[in-house]
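Please walk through this structure with the sequence and the coordinates side by side.

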Amino acid sequence: MAIVDLVMPKMGESIMEATVLKWLKNPGDKVQQDEPLLEIATDKVDSDVPSIADGILENVFFDVNDIVPIGAVIATIRTETKQPEIINTTSSPAEEAREFIHTSEYQPSNSTERPSNFKVNKFYSPLVMNIAANENVSMSELENIPGTGNEGRVTKNDILEFIEQRKQFKTQSSKIKVHNTVEIVQQDKQEVSVDNNPLPTVYSGNVEIIEMDRMRKLIADHMVRSKQTSPHVTSFSEADVTNIVLWREKVKKEFEKREGTRITFTPLFMEALVRCIKKYPLINSSLEGDKIVIKKDINLGMATALAGGNLIVPVIRNADQLNLVGLARQVNTLADNARNNKLRPEDIQDGTFTLTNIGTFGSLMGTPIINQPQVAILAVGAIKKRPVVVETPMGDSIAIRHMMYLSMSYDHRIIDGSLGSTFLTAMANELENFDPNRDY
């Protein structure tokens, strides 16, 4: 019999911690390899953590809403595989188990340093881990406890002494806070509040208060930071997409039957977008300090609305290496996974340019907010039939055409109005010059 550690997986290059949303299994439950054990969330995506072995879920070390460092042991699984015993020479068998948990060092997320490499000789017994879990001792606190056991290992007495000292410290801190509050009130009798917390807002009339969910809070923060970071400029254009509309209507049934996936307008727009980015590569860049980083990979993000009204941006990697069929499959797969909460962390990372189709909801045009650290975002509006002037060899005439507005917001620190407008015009020309006789 062996105890296997389940650690918090790495969720991306810049992600150092995750929040436990929900445990799907309880200690004592049977689990199978690859079966989801818990749901977690980062500032980018929600995801499941699967079991790494068949067995029994032995212990869980974090509760719902706990913030867990990447690489920390979050649970142990008891398997039938035999494992050599590790002898403890300082504690009795009744107090200390002989199977240990391998943990990693962690620095808080507000630290200026990245987490250090994992320690390979630091172990905690299940008894110590159980006490830590019951007393809400975090991994970072546990790693700072001086151990008196063999090779500096933390014993039962060490952690109990730490817990007692922490209780005394909290009591003293509470007394100091009360004392300081009294002093503040005595110094200024006109003081309304002794801290910086604003007074609760009083609403008049008939209102409904809705608490923002976690994802909406993240979106709000991301949008505010983008506006604070990039001076936004938005340019507008329009395109006659009649050829695209008629071609799609002609081939969509055969396309789905032959390729096994739907053909929407999005992959057609992305196909044109790739060609324009190749002509103007500065659009596919980011700004780091005073350095402009031009991305050689074209990873197109597509803003996708979720059922609850929130928004997420899955990414089609290396879009320039896909034909129209490949783009259509990627668009449909990522959109379906987004709506069913099945996106993986890597599905929303490393985007270099974003396309948002606001026409899906009937909007003619908009002023989209840049998806940081990108420098531009393109919005396509609803396709509407309008009478327009058409130039022909026989002269001008008025015809009913399928017209669509395009709007692009860009970072004026890098993209000047000339380049932004030129790129947008090139995009409109690509759409208007679509070959109605083409194959897939």
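A salt bridge is taken here as a side-chain nitrogen of Lys or Arg within 4 Å of a carboxyl oxygen of Asp or Glu. The model is a predicted one. Under that criterion, the whole structure contains 17 salt bridges. One of them links the side chains of glutamate 259 and arginine 258, with an N to O distance of 3.2 Å. Glutamate 259 has a relative accessible area of 16% and is therefore buried, since the limit for buried is under 20%.

Side chains of opposite charge can pair when their charged atoms come close. A further case is the salt bridge between arginine 344 and glutamate 346, at 3.6 Å from N to O. Arginine 344, at 47% relative accessibility, is partly exposed, and glutamate 346, at 35%, is likewise classed as partly exposed. The salt bridge between aspartate 411 and arginine 413 has an N to O distance of 2.7 Å. Here aspartate 411 is buried, at 0% relative accessibility, whereas arginine 413 is partly exposed, at 41%. Elsewhere, Arg258, Glu259 and Arg329 belong to one network, joined by salt bridges that share partners.

The largest nonpolar core comprises 58 residues. Within this core, the residues with the most contacts are Leu273, Leu300, Phe353, Leu378, Leu406, Met408 and Leu431. What does leucine 273 touch, not counting residues up to four places away in sequence? Its contacts are Leu300, Phe353, Leu355, Leu378, Phe423 and Met427. Another core, of 32 residues, lies apart from the largest one; Trp23, Leu37, Val68 and Ile74 are among its members.

A pair of aromatic rings is described by the distance of the centres and the angle of the planes. The structure has 5 aromatic pairs. In one of them, the ring centres of tryptophan 247 and phenylalanine 434 are 5.4 Å apart and the planes stand at 65 degrees, so the pair is edge-to-face; the angle required for that class is over 60 degrees. Because tryptophan 247 belongs to helix H5 (residues 242-259) and phenylalanine 434 to the segment after helix H8 (417-432), this pair ties together parts that are 187 residues apart in sequence. Tryptophan 247 and phenylalanine 434 are both buried.

Phenylalanine 353 and phenylalanine 423 make up a tilted aromatic pair, with 6.0 Å from centre to centre and 45 degrees between the planes. Phenylalanine 353 is in strand S18 (residues 353-357) and phenylalanine 423 is in helix H8, so the pair ties together parts that are 70 residues apart in sequence. Phenylalanine 353 is buried, with a relative accessible area of 0%, and phenylalanine 423 is also buried, with a value of 0%. Together with Tyr280, Phe353 and Phe423 form one aromatic cluster.

Strands of a sheet pair through backbone hydrogen bonds, either parallel or antiparallel. An open sheet in this model is built from 4 strands in the order S1-S8-S6-S3, with antiparallel pairing. Its edges are strand S1 (2-7) and S3, each of which pairs on one side only. S3 is joined to strand S6 (residues 55-60) by 2 bridges, and these strands run antiparallel. The bridge partner of lysine 30 in S6 is isoleucine 56.

Lysine 30 is also one of the contacts of glutamate 35; leaving aside neighbours within four places in sequence, glutamate 35 is in contact with Lys25, Lys30, Val49, Pro50 and Ser51. Glutamate 35 sits in the loop between strand S3 (30-31) and strand S4 (36-41). With 22% relative accessibility, glutamate 35 counts as partly exposed. Its side chain makes a polar contact of 3.0 Å with the side chain of lysine 25. From glutamate 35 to isoleucine 52 there are 17 residues in sequence, and 8.3 Å in space between the C-alpha atoms.

Is serine 285 buried or exposed? At 2% relative accessibility, serine 285 counts as buried. The side chain of serine 285 reaches the backbone oxygen of leucine 282 at 2.6 Å. Not counting residues up to four places away in sequence, serine 285 touches residues including Ile292, Val293, Pro373, Gln374 and Ile414.

Technical notes: Residues numbered from 1 in each chain as written. Predicted model: local features only at pLDDT ≥ 70, side-chain atom pairs only at ≥ 80, totals over all residues. Heavy atoms only, no water. Buried < 20%, exposed > 50% of the residue type's maximum accessible area, 1.4 Å probe, protein only. Contact = heavy atoms within 4.5 Å. Polar contact = N/O pair within 3.5 Å; in protein donor to acceptor, adjacent residues only side chain to side chain. Pairing = 2+ DSSP bridges. Core = buried A, V, L, I, M, F, W, Y, C linked by side-chain atoms within 4.5 Å. Phe/Tyr/Trp six-rings, centres within 6.5 Å; stacked < 30°, edge-to-face > 60°.
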